[in-house]
Amino acid sequence: MAENIYDEIEIEDMTYDPALEIYHYPCPCGDRFEIAIADLRDNEDIAVCPSCSLMIRVIFEVDDLPKPEEEGLTAISDSTQVSVTA
């Protein structure tokens, strides 16, 4: 599998999409390498391009990733119920 590793990329050089919870980076084929934040938290470090056979190794520290609490904080506060008395 190592023969398909195109490059090693620092996570700081990738773009994070909070709506899809993925990091992406441009691929030479014109598409982009993608890896889900959940995969990164599981210590997966290979981002794949869905259009070609190239892969990149993502250099990162799990502790530096956005925390799950931070991502879900807005959703939790939006769904909090408040009792109303009439």
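Because the model is predicted, local features are reported at pLDDT of at least 70 and side-chain atom pairs at pLDDT 80 or more, whereas totals for chains, interfaces and linings use all residues. Residues are numbered from 1 along each chain as its sequence is written, and side-chain values rest on heavy atoms, with hydrogens and water left out.

The mean pLDDT of the chain (the predictor's confidence in each residue, from 0 to 100) is 83, and 76% of the residues reach 70 or more. Over residues 71-78 the pLDDT is below 50, and this stretch has five contacts (heavy atoms within 4.5 Å) beyond near neighbours in sequence.

Two helices and six strands form the secondary structure of the chain, these being DSSP runs numbered from the N terminus, with helices (H or I) of at least four residues and strands (E) of at least two. Along the sequence they follow the pattern β-β-β-β-α-β-β-α. Of the 86 residues in the chain, 23% are buried, that is, under 20% relative accessible area with a 1.4 Å probe and protein chains only, where exposed means over 50% and partly exposed lies in between.

His 24 is found in strand 3, which spans residues 22-26, and counts as buried because its relative accessibility is 16%.
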